[in-house]
Amino acid sequence: MNLYRLVYSSQASLELSPENLQEISTVSQKNNQLDGITGLLCYSDLMFLQILEGEHQQVSKTYHRIVGDKRHHTPILIECVPIKNRLFEIWSMQTISLSDLADSQMSTLILKYSGSPKFKPNGMSPCQCLNFMQEVANIYQLSDTLAIDF
Ligand code: FAD
């Protein structure tokens, strides 16, 4: 199977409430499970950073559907590369609002991988995005209290 990873960032059209994010999360998980897509969606400061993993054509089809969604705009394709294995195989799509994670921990992490403490994923390299998302996933998994209760 031709396994690919696609990473992109985009800007939210409006500030999204937890309910709005939940709606995106529910639909994403349902569709992605059927399509064999896994990944992570981070949201903060009106910015999205998403990773999609799966079979090449499914990743492409999903990405094109997502970028047509009016809830966000100005998508920047950060990378789309063949991979040996998935990194987020346990999640059909985990949505994490960074502002719900511990402030100090998150701003330190953002600063670790970018030029400013504000979340600006379109200024991050593919490698920085990937490492950042893996650390966010670890923080999320390690602490029950950090989990967003959808
Ligand atoms: P339908 O449900 O038939 O909707 C038709 C159109 O309306 C689509 O263009 C849809 O994008 C748009 N739409 C649907 N609901 C709303 C709403 N509440 N407000 C405004 N417009 C709306 N989907 C996935 O399957 N997998 C993902 O990983 C995924 N990630 C996403 C990440 C982000 C940042 C966003 C904003 C959306 C994401 N979605 C994801 C949702 C995706 O864009 C589609 O809405 C969804 O896949 C349903 O597609 P559809 O063609 O069946 O649309």
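β2 and β3 form a hairpin with two residues between them, and Asp 45 in the turn has a positive phi of about 50 degrees. Helices (H or I, at least four residues) and strands (E, at least two) are DSSP runs, numbered from the N terminus. The model is predicted, so local features need pLDDT of at least 70 and side-chain atom pairs count only at pLDDT 80 or more, while totals for chains, interfaces and linings use all residues. Residues are numbered from 1 along each chain as its sequence is written, and side-chain values use heavy atoms, with hydrogens and water left out.

Strand β2 (residues 38-44) runs antiparallel to β3, and seven bridges join them; Ser 44 stands opposite Met 47 in β3. β2 is also joined to β5, in this case by four bridges and in parallel, with Ser 97 of β5 as the bridge partner of Tyr 43. Two strands count as paired if DSSP finds at least two bridges between them.

The open sheet has five strands in the order β4-β1-β3-β2-β5, with mixed pairing. Its edge strands, β4 (72-82) and β5, each pair on one side only. From one strand to the next, the twist averages 15 degrees. Helix α1 packs on the sheet and touches β2, β3 and β5, its direction making about 165 degrees with that of β5. Helix α2 also packs on the sheet, touching β1 (3-12), β3 and β4, and its direction makes about 155 degrees with that of β3. Contact here means heavy atoms within 4.5 Å; axes are lines fitted to C-alpha atoms, for helices over the stretch in contact, and angles run from 0 to 180 degrees between N-to-C directions.

Seven of the seven residues of β2 are buried, meaning under 20% relative accessible area with a 1.4 Å probe and protein chains only. Thr 38, Leu 40, Cys 42 and Ser 44 lie on one side, and Gly 39, Leu 41 and Tyr 43 on the other. In β5 (residues 94-97) lies Ile 96, which counts as buried because its relative accessibility is 0%.

The largest pocket has a volume of about 320 Å³. A pocket is an open set of points on a 1 Å grid where a 1.4 Å probe fits, with protein on both sides within 12 Å along at least five of seven lines; lining residues have an atom within 4 Å of a point. Of its 16 lining residues, Ile 24, Ser 28, Ile 66, Asp 69 and Arg 71 are the closest to the centre. α1 (18-35), β3 (47-55) and α2 (56-67) each supply at least two residues of the lining, and α1 gives the most, with five.

Note on methods. Points joined across faces, edges and corners; volume = space filled by probe spheres on them. Buried < 20%, exposed > 50% of the residue type's maximum accessible area, 1.4 Å probe, protein only.
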